[in-house]
Amino acid sequence: MLEIKNLHAKVEEKEILKGISLSVKPGELHVIMGPNGAGKSTLANVLAGRDKFEVTQGEIQFNGQSLIEMLPEHRAGEGMFLSFQYPVAIPGVNNMYFLKAAVNAVRKYRGESELDAVTFLKMIREKLKVVELDDSFIHRPVNEGFSGGEKKRNEILQMISLEPKLAILDETDSGLDIDALRVIAEGINNYRNNDRAFILITHYQRMLNYMQPDFIHVLMDGKIVKSGPKELAHELEEKGYSWI
Amino acid sequence: MKTKEQKIIDDAVSQDYKYGFVTDIEQEILPPGLDEGVVRFISKKKNEPEWLLAYRLKAYKHWLTLTEPKWVKVKYADIDFQSISYYAAPKPKKKLDSLDEVDPEILDTYNKLGIPLDEQKMLANVAVDAVFDSVSIATTFREDLAKAGVIFCSFSEAVKDYPELVKQYLGSVVPHTDNFYAALNAAVFSDGSFVYIPKNTRCPMELSTYFRINASNTGQFERTLIVAEEGSYVSYLEGCTAPMRDENQLHAAVVELITLDNAEIKYSTVQNWYPGDKNGKGGIYNFVTKRGACRGNNSKISWTQVETGSAVTWKYPSCILQGDNSVGEFYSVAVTNNMQQADTGTKMIHIGKNTKSTIISKGISAGHGQQTYRGEVKIMKNAENARNYSQCDSILIGDKCGAHTFPYIDVRNSTAQMEHEATTSNIGEDQLFYCNSRGLSTEDAVSMIVNGFCKKVFKELPMEFAVEAQKLMEVTLEGSVG
């Protein structure tokens, strides 16, 4: 599904990614761990197509298509989703309005009919239950005045509404209390299937208590320095990154 | 038959501006130039009474002593007031009794603007006083309004039919000595609208006027006067588009509002005049004096404006809060793109006790657009417990535009409560990317972010205007983010 080969990327003339290769197949859950400044968020942003990160070398294939020149909105249409570490507020824009515009933009790209207001509302009420939020939540402005936990739940709400093929979750677990963590982990678990893949970027092992990753990768100084099974995460938690 | 002038205009029409077309009808145009003879000509043409001619001449003589205001933060080539024609009217074929008799080309023009009068008459609950160039062509819903005792007619008709009311209120809020353009307007105003709401009457429908400048080189000098008697209410909508042309056109209107005890006027404007091309060529000069007087206790005047057009805008809809407990409001969205310039804001003059004013100003600059908020809140000595809340926010799109804020506050009574908030921000790369990553195109993202920014103002607009305003914003900001 996702093939990254020898990916180099820079931001403002500083090289951050220095040759990353990674292969993700449908149904898999990959976890990327690593110290601050290793390039984890950069990788997530490059995959989603953020303009300020420039790919200088390498190749990214997503379902057989090259991603490098593709606009971020088209990547979303193709089934890429990024859950942001710090979701930005859009004052005055109703959360439901935003979500409906996003869902319909993606549906349109995929050649599906746009949802009318009634169908959409029905759909969104179901999804709200998954992230344990009430109706009033979708009438607030996007991310404005949301608590840390609400922002992350909102990201998951968007994810399960947009139905991506590949979801990249950038530190979705940071800053969450134990209940929110459980809700989000369950949301992801229920949403896993054989066609859908996840890349989870995290600092901590604790989220992994709730889920079954297929691979753990350690990203340091712009490169994947070690990959292994779930147990690798425990080892890292105990010994720290200097051990590698 | 095409005149030479119209041929030139036709050639100048370009595709960019959606409403850029010129109606091909015979027109009667006064040669360019302004002197006492022109003022007399206009007055005579309209069969005006002696007192109105005297008023015009007094204003003209005062205007001669004035010079153009230069304190405004806008730049434009000097206006040659002798190169402007001060009167243009479609040649009337005969007196019109119904819409069927209106020149089909004129009706077609309105259709292009999206306001088919004949359909509106049947479908919408809105009366339209259509101003085509300088003479009103058609007025609808007159009978329904008449039943309620509401007068809604062209200014010329009001002078004929209700001379006492016009005489009593004309120039009572914006005197002919007020400023350069108000003096000019008082001397040469062509037509406009007159509204009178009798005591304890709620106007049964929203009143709407479409202004349109159609003749080449014809400055349009509109005059609007709205009087709300004790305990009455009216909502008035003003929407504008103008056809494309190359020469700069001057528009200097005067609007006067008067509310007596417990009366309320809500005045909404969507202004979409030709802004000039990308290089700043052409476009309308919009130099308008709008002011309302809350004369009565517990009265209220609310201005809402969405300004997306014109090359240069100079406009400060204001409120004089004379009556005790009176309320003044100003909600504004102004957009400047390409080479547009706007210097706009409001004045709130608190005179009565417990008077309240609210100012919400949202400025959006893109391209090389320059925008200034200029506002004054004045609390006079006897205005006990006056309150003002001001919020002035600016958003910048790109790095070649500018936003400036000049708030003046003058408090002469220590019981006053004043609040002022101001912000300036860029449309964030992070906001755009967030929207993009959710499947939204950059253009849709900009329009969504900007609409969110303007929400507080848009929600003050009547429903159909709010929709139009959002569309106008999208058109105005098209292509503003690379």
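Between which two strands of chain B is the loop in which B:N298 lies? In this predicted model, the loop that holds B:N298 runs between β13 (284–294) and β14 (300–307) of chain B. The phi angle of B:N298 is near 55°, which is a positive value in a residue other than glycine. B:N298 has 19 other C-beta atoms within 10 Å and is partly exposed, because a residue is counted as buried at 20 or more such atoms.

A positive phi also occurs at B:S310, where the angle is near 70° and the residue is again other than glycine. B:S310 is placed in the loop between β14 and β15 (312–315) of chain B. Is B:S310 buried or exposed? B:S310 counts as buried, with 29 C-beta neighbours inside 10 Å.

Another residue of chain B, B:Q391, is found in strand β21 (residues 387–397). B:Q391 is partly exposed, and 15 other C-beta atoms lie within 10 Å. When neighbours within four places in sequence are left aside, the residues in contact with B:Q391 are B:I359, B:I360 and B:E421. B:C294 is 97 residues from B:Q391 along the chain, and the C-alpha atoms of the two are separated by 22 Å.

Chain A was examined as a whole. Its secondary structure consists of seven helices and twelve strands. The radius of gyration of chain A is 18 Å, close to the 18 Å given by the globule rule for 244 residues, so chain A is as compact as a globular protein of that length. Taken along the principal axes, the box filled by the C-alpha atoms of chain A is roughly 55 × 40 × 35 Å. Buried residues make up 41% of the 244 residues of chain A. Of the contacts in chain A between residues at least 6 apart in sequence, 72% join residues at least 24 apart.

Two helices of chain A were considered as a pair. Two packed helices are described by the angle between their axes and the distance between the axes. Helix α4 (residues 117–130) of chain A and helix α5 (residues 148–162) of chain A have axes that come within 10 Å and cross at roughly 130°. The crossing in which α4(A) passes α5(A) is right-handed. On the α4(A) side, A:I124, A:K127, A:L128 and A:V130 take part, and these meet A:L157, A:I160 and A:S161 of α5(A). By class, five nonpolar residues, one polar residue and one charged residue form this contact of α4(A) with α5(A).

The two chains also touch each other. In this contact, 18 residues of chain B are paired against 23 residues of chain A. Helices α10 (429–436) and α11 (442–453) of chain B each supply at least two residues of the side of chain B that touches chain A. Which element supplies the largest share of that side? The largest share, six residues, comes from α10(B). By class, the side of chain B that touches chain A holds six nonpolar, seven polar and five charged residues.

Definitions and conventions:
Residues numbered from 1 in each chain as written. Chains lettered and ligands numbered in written order. Predicted model: local features only at pLDDT ≥ 70, side-chain atom pairs only at ≥ 80, totals over all residues. Axes fitted to C-alpha atoms, helices over the stretch in contact; angles between N-to-C directions. Helix = DSSP H or I, 4+ residues; strand = E, 2+ residues; numbered from the N terminus. Left-handed = near helix turned anticlockwise from the far one by under 90°. Contact = placed C-beta atoms within 7 Å. Nonpolar A, V, L, I, M, F, W, Y, C, P; charged D, E, K, R; others polar. Buried ≥ 20, exposed ≤ 12 C-beta atoms within 10 Å, placed from the backbone. Rg over C-alpha atoms; globule rule 2.2 N^0.38 Å.
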